[in-house]
Amino acid sequence: MALEIQIAKRLPDFALDVSFTASDTPLGILGPSGAGKTMLLRCIAGLERPDKGRVVLDHRVLLDTEQGIHVPARERHLGMLFQHYALFPHRTVAENVAFGLRHLPREEQTQRVSALLRRAHVTGLERRYPRQLSGGEQQRVALARALATEPEALLLDEPLSALDTHLRSQMEAQLQETFASYRRPTLLVTHNIEEAYRLGGKLLVLSRGRVAALGAKEEIFRRPPSMEVARLTGCKNFSRVRSISENLVEALDWGCTLGVGHTLSRPAAYIGIRAHHIDFVESSGTGGTASADENVFPCWLARSSETPFRITLYLRVGNPQQAAGDRHSETHEAAEPLGEIPAELQAEVFKEKWQFFRDRPMPWHVRLSPESLFLLPE
């Protein structure tokens, strides 16, 4: 089963203009706030009218502006899960879930509602009203309601963003369980990078209404096609680059020469590496230098920033005079725009690993694996 989408709609600040196909692999739609993600879902669901477009679900045309076809939302047979649940406050849990089943005999309604509540792990709450439920319980009920009519596609709009960390983890597990058995087109809108990666099998990166990347999530994270996509998927380490030979470049902002594992079909303007791909290694015995194929360099800690489980280290490569005083001072999390940033690398490590080398004398040594580095066009 496939969901084919072509949507064009003029928005106040930009134009939403996308075209893609979703199948039975959950598709995570990732992008910053205001990128057009929610409007895209609403157009697919029939809650908004695009200026131009076509939506086809399993050969059934739901929208074709050229042919004058616009199937009403209630007849599209889509399940939609909203950020803020959208449960009917005056109906009980059972009545909310059964809302789309009123055409069925009462006994069948009861059986289906009971089965859905069991799957959503909210059995026993049938007679409660939404105001009597926790946020996580409300979202589970909303998911059960979205699945009640056995929709042919599922649209989820930031379903976890209103939940606290504990409830988000529970609901994420519920969604993973649901996706494993649903096996129909599923679109999951989010601005959370890790959430998109964990829940989506494929990834669509949306930027100002345009598809910036679409494909297997592993490939997009490993080889982002542009600086914009690299940033939107969480990469913080970039340097301008000058090509020396086919697999050797000079990272101008980092002050080092690097061997790379792949090349581009067009000239590279930048090089990037994700913070968790920077490895700390024992000294190579090179006296402060390293061969490009090893990509091992001495480094000095400029400052650090920590969370309960990880620590971000801001490193100067190759020049001890650039390392600044307090080794554990707080700092911002995101890099400034290229051209203004200092020549620092951000490395993220779990605190267990940090304990092994935090008290060792500097310089430490880092390895920038050729396979973890990626080149980017202008």
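Helices H5 (165-182), H6 (193-199), H7 (217-222) and H8 (227-232), together with strands S16 (278-281), S17 (296-306), S18 (310-317) and S19 (344-350), each supply at least two residues of the lining of the largest pocket. The model is predicted.

Among these elements, H6 gives the most to that lining, with 5 residues. The volume of the largest pocket is about 1500 Å³. It is lined by 39 residues, and those closest to its centre are Ile-193, Glu-194, Lys-236, Arg-310 and Glu-348. By class, the lining of the largest pocket divides into 12 nonpolar, 11 polar and 16 charged residues.

The second largest pocket has a volume of about 700 Å³. Its lining is made of 22 residues; Ala-73, Arg-74, Leu-78, Gly-79 and Thr-149 lie nearest its centre. Two or more lining residues come from strand S7 (78-81) and from helix H4 (135-148). S7 gives the most to the lining of the second largest pocket, with 3 residues. The residues of this lining divide into 12 nonpolar, 5 polar and 5 charged.

How values were computed: Residues numbered from 1 in each chain as written. Predicted model: local features only at pLDDT ≥ 70, side-chain atom pairs only at ≥ 80, totals over all residues. Heavy atoms only, no water. 1 Å grid on protein atoms, 1.4 Å probe; cavity = no way out; pocket = protein on both sides within 12 Å on 5 of 7 lines; lining within 4 Å. Points joined across faces, edges and corners; volume = space filled by probe spheres on them. Helix = DSSP H or I, 4+ residues; strand = E, 2+ residues; numbered from the N terminus. Nonpolar A, V, L, I, M, F, W, Y, C, P; charged D, E, K, R; others polar.
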